[in-house]
Every structure is written in structure tokens, then in C-alpha cells.
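Subject: Structure handover

Hello,

Here is the structure I promised to pass on. Please open it alongside this note. My findings follow below.

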Amino acid sequence: MQAIQKPRGTNDFFNTSALLLNHTENIIKAVVSKYNFSEIRTPLFEYTELFTRGIGTETDIVSKEMFSFEDRGGRSLTLRPEGTASVVRAYLENKLNSENAVNKLYYLGTMYRAERPQKGRYREFRQFGLETIGSSSPLADVEIILLNLHVLKSLGIENSKLYINSVGCKKCKPNYEAALREHFKSEFDNLCGVCKVRYEKNILRMLDCKEETCKKIMSNIPKFEEHLCEECATHFDTVKKELKNNNIEYEVNPMLVRGLDYYTKTVFEVQSSLLGSQSAILGGGRYDYLIGEFNNGHDIGAVGSAMGIERILLIIESLNKKNEERLDVFIVAFEDTAYKVMPLAQSIRENNFSVEFEYDIKSIKSQFKMSSKKNARYTIILGSEELTKGKCKIKNMDTTEEKEINITDIKDNIK
Ligand code: HAM
């Protein structure tokens with residue numbers, strides 16, 4: 001009899017992976033408490049119409065990725081593909097606004113999407129979600145971004161990049177959609193099949209297309225930023241100003257529209273180059289009309305995000321692997337400094353760092369190539385001019401920053 005295996009796109013966690021999962025969730029909870037968000041837990045399944053109405057029927061999630069089934073009474077239920085719609089339902093059902101005008105909520109839990117599995121993309125996956133409900137202030141948007149970046153920093157995840165955009169409101173979104181429609185009109189016949197449907201039904205989603213021909217057509221699209229109404233433009237400007245005030249680097253990405261229909265104004269994503277094609281560590285944005293959708297049109301300002309926990313674990317694993325395999329220092333020398341390399345290497349090794357260099361002097365380019373191949377964290381360049389002043393150059397191979405330092409300060413610079 002054949003052994004039964006886990007369903008495609010799911011993961012088992014045990015031993016180290018279970019420890020890492022717990023460690024990550026504990027760090028998240030510790031950071032969240034500093035911002036005074038409180039936990040919310042909602043069911044793993046909800047009535048299907050919560051998601052179709054909340055997320056949008058033309059989105060990939062609703063149109064092809066939901067795990068839906070009927071209960072015994074013939075009512076359709078769906079395993080939650082995301083947390084926002086459920087939190088909004090729970091917020092309204094439990095009248096959470098009667099106690100606090102602004103509710104700051106967080107959740108950790110599994111989500112289910114019938115996607116084609118690949119590295120970083122699963123059918124059962126975990127999210128750390130945040131939802132601030134009851135505020136229209138851009139400061140709420142920025143606090144969500146800051147909290148997420150705080151979590152990443154506490155987990156030792158650097159080198160990630162924050163992208164932001166604004167997708168406007170009911171007033172200005174139609175203007176932008178009209179500008180896009182006009183822009184794509186002459187190229188309609190060259191669009192892929194999916195984009196042709198999106199052109200008619202949900203034109204913003206076209207910007208997510210990964211087809212090469214469509215990507216080319218999209219290269220000079222009109223920017224949403226230039227079509228925002230005054231209120232949305234001021235909101236977006238304040239978000240950018242506050243990010244700067246908090247020393248947060250970001251890039252405005254006019255192609256960032258996100259895969260769920262409920263967004264208004266600010267949208268954002270953090271991506272990591274360590275993740276391959278599924279590069280988004282987290283994403284989110286403002287959703288000022290979603291609550292009105294379930295509340296007889298009484299809109300309440302809200303903003304939130306969700307971070308993919310499996311993607312965090314993949315990054316931590318790859319960082320650990322990189323660190324384990326890393327050489328601390330590679331020394332690059334010239335013909336006239338070749339015989340100064342070995343004593344220098346010895347003195348650095350005595351400080352507990354690993355060091356390598358070429359025995360035969362080769363071109364600088366080939367020595368740098370070797371340094372990259374050895375996955376060195378730093379390259380020291382030993383030039384005779386610097387050496388006569390007791391100095392050398394040191395290059396951080398991750399950030400590519402290069403500076404001149406005293407030879408005696410090497411160990412302080414490679415910590
Ligand atoms: P989302 O962009 O669909 O947003 O998902 C957020 C994050 O969940 C992604 O950036 C990714 O890290 C992770 N993720 C998504 N799908 C998968 C998958 N199949 N496998 C592994 N990880 C995945 C939302 O879900 C919104 N509810 C976020 C939000 C909250 N917006 C406002 N409030």
C-alpha cells in the first residue's frame with residue numbers, strides 16, 4: 001500500500017523548523033506589544049460571500065484560488081484566503097467600535113489559497129496580519145509600515161525594500177482608470193488574453209501582468225500619483241513625509257496596485273531579493289470602503305497589512321546558510337605588496353576571523369572575482385601607497401561600501 005503524503009502546497013513543521021516558527025512568532029508578539037495592538041482570532045472558514053464581496057469577484061483569489069465547500073445545509077463555506085475580510089466581519093459583528101474609537105488588531109494564523117505551489121508560494125501558509133480600524137489618518141498607515149519594519153529588523157532581516165503607491169479613492173480612481181484605458185486602447189490587440197479581460201473588467205489589475213509583451217506595453221503608463229484628487233494627494237504626501245521623518249527609505253512604484261480590490265489611497269509592499277520570484281515579504285494598504293460594504297454604506301477608515309511567515313522563515317534560513325558558509329575577509333594585493341599579505345592575514349586570523357588570499361598575484365579583477373566566489377563579507381585591498389601610510393581599503397561586499405581605514409582598525413571594521 002502506498003504511503004499517504006501531505007497535500008500539495010502544505011508544510012510540516014518539526015524540530016528546527018518548528019523552533020524557528022515559534023521563535024519568529026514570539027518576536028512578532030514582542031514587537032506588537034510595543035505598539036499596543038491586541039490579538040484577534042477568527043474562524044478558519046467563513047461564509048463564501050464574505051470573501052467574494054470583500055476581496056472582489058475579479059481578483060485571482062476569488063475567481064480561482066478559494067477552497068470552497070458546502071455545509072450540510074447547502075450553504076457555501078470557504079477556508080479563509082486572507083484575514084482582512086474576517087477581521088472586518090468580526091469587528092462589525094462584535095461591535096468592537098463601541099469600546100474603542102480606534103481598534104488596533106493583530107493576528108497570526110493559517111490562510112488557504114489554491115495556488116500553483118512553488119518556493120515561497122503554498123496552499124496553506126501563515127500570515128502575521130495587522131488591522132487598524134477607525135482612523136483615516138495617514139499616521140495610521142505609517143505606523144503599520146513602521147511596525148512591520150520593526151519586526152523585520154528584530155528578526156535580523158535587512159536588505160529588504162519598501163515600495164509604496166496610492167490607488168486613490170472613489171472620486172479619483174475612475175479618472176485614472178480612464179487614463180489607463182485610453183493609454184492601452186491602441187495596443188489592445190497586442191495584450192495577452194488575461195489583460196484583454198482585465199481591460200474590460202478590472203483595468204488596474206493589468207499592471208500586475210507578468211507577460212513580457214504586456215510588460216513592454218506597460219513601460220510608460222500614466223502614473224496614479226498624477227491623477228489623485230486633492231484629498232488623496234495630501235494623504236499620500238503626508239505618508240511620504242512621515243516615512244522620511246522616521247528615516248524610512250522607500251520607493252514610489254506606480255505599478256504597485258496589489259491583488260485585492262478593497263484598497264484605497266496608500267498601498268505598500270516590502271520585497272526581498274533573497275526570495276526569488278515570490279519576492280513579497282508583506283503587503284497591505286488602506287481600505288476605507290470595505291467596512292461600508294458590510295455596514296450599509298457607513299464607511300470607517302481602516303488600514304492593514306499581512307506578512308508571509310513561511311517567506312520570513314525562508315529568508316532566515318538563507319541568511320543562516322549564507323553566514324555559516326561565509327569567509328570573513330579576502331585580501332587583494334598588488335605585485336609590490338604581495339609579501340605583506342601573509343603577516344596581515346595572520347594578525348586578522350588571530351582575532352578569530354577567517355581570511356584567504358591568492359598565492360599567485362593575479363589581476364585585481366580576478367582577485368575580486370575570487371573574493372565573491374568565496375562569499376567573503378569583506379575584501380581588503382592592500383595598495384602600496386596606502387600601506388606606506390599604515391592604511392588599506394576595505395570593501396563591504398554586501399553593501400559595496402568602500403573606505404580607507406588604518407590597518408590597526410581592521411578588526412573593528414569587520415565586526
Ligand atoms: P496579500 O498580499 O495577499 O495581502 O498577502 C500578504 C502576504 O502573505 C504576501 O506578501 C506574502 O508574503 C504572503 N502570501 C500570500 N500568498 C501566499 C502563499 N500562497 N504562500 C505563502 N505566502 C503567501 C493580504 O492577504 C491582505 N489581507 C493584507 C492586508 C491586510 N491588507 C490590509 N490589511
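Start with helix H2, residues 48–55. In this predicted model, H2 lies across strands E2, E3 and E4. The helix runs at about 80° to E2.

Now look at the sheet itself. Its 3 strands come in the order E2-E4-E3, and the sheet is open. The pairing is antiparallel. Strand E2 (45–47) and strand E3 (68–70) sit at the edges, and each pairs on one side only. From one strand to the next, the twist averages 35°.

Take the pair of E3 and E4 in detail. Strand E4 covers residues 76–79. E3 and E4 are joined by 3 bridges, in the antiparallel sense. Which residue of E4 does Phe69 stand opposite? That residue is Leu77.

Next, helix H6. This helix spans residues 173–185, 13 residues in total. From first C-alpha to last, H6 reaches 18 Å. That is close to the 18 Å expected at 1.5 Å a residue.

Which residues of H6 are buried? They are Lys173, Tyr176, Ala179, Leu180 and Phe184. These residues lie on the same side of H6, because they cover an arc of only 125° around the axis. The other side of H6 holds Glu182 and Lys185, which are exposed.

What do the buried residues of H6 pack against? Two helices are their partners: H7 (193–201) and H8 (212–217).

Last, go to Asp328. You will find this residue in strand E12, residues 327–333. Is Asp328 buried or exposed? Its relative accessible area is 13%, so Asp328 counts as buried, the cut-off being under 20%.

In one, the side chain of Asp328 reaches the backbone nitrogen of Ser354 at 2.8 Å. In the other, the side chains of Asp328 and Arg377 are joined by a polar contact of 3.1 Å.

What else does Asp328 touch? Leaving aside residues up to four places away in sequence, its contacts include Asn352, Phe353, Ala376 and Tyr378. Ser354 and Arg377 are also on that list.

Then turn to H6 and its packing against H7 and H8. Finish at Asp328 in E12.

Best wishes

Notes. Residues are numbered from 1 along each chain as its sequence is written. This is a predicted model: local features need pLDDT of at least 70, side-chain atom pairs count only at pLDDT 80 or more; totals for chains, interfaces and linings use all residues. Side-chain values use heavy atoms; hydrogens and water are left out. Helices (H or I, at least four residues) and strands (E, at least two) are DSSP runs, numbered from the N terminus. The expected span of a helix is 1.5 Å times one less than its number of residues. Buried means under 20% relative accessible area, exposed over 50%, partly exposed in between (1.4 Å probe, protein chains only). The arc is that of the directions from the helix axis to the C-beta atoms. Contact means heavy atoms within 4.5 Å. Two strands pair if DSSP finds at least two bridges between them. Axes are lines fitted to C-alpha atoms, for helices over the stretch in contact, and angles run from 0 to 180 degrees between N-to-C directions. A polar contact is a pair of N or O atoms within 3.5 Å; within protein, one must be able to donate a hydrogen and the other to accept it, and residues adjacent in sequence count only if both atoms are side-chain atoms.
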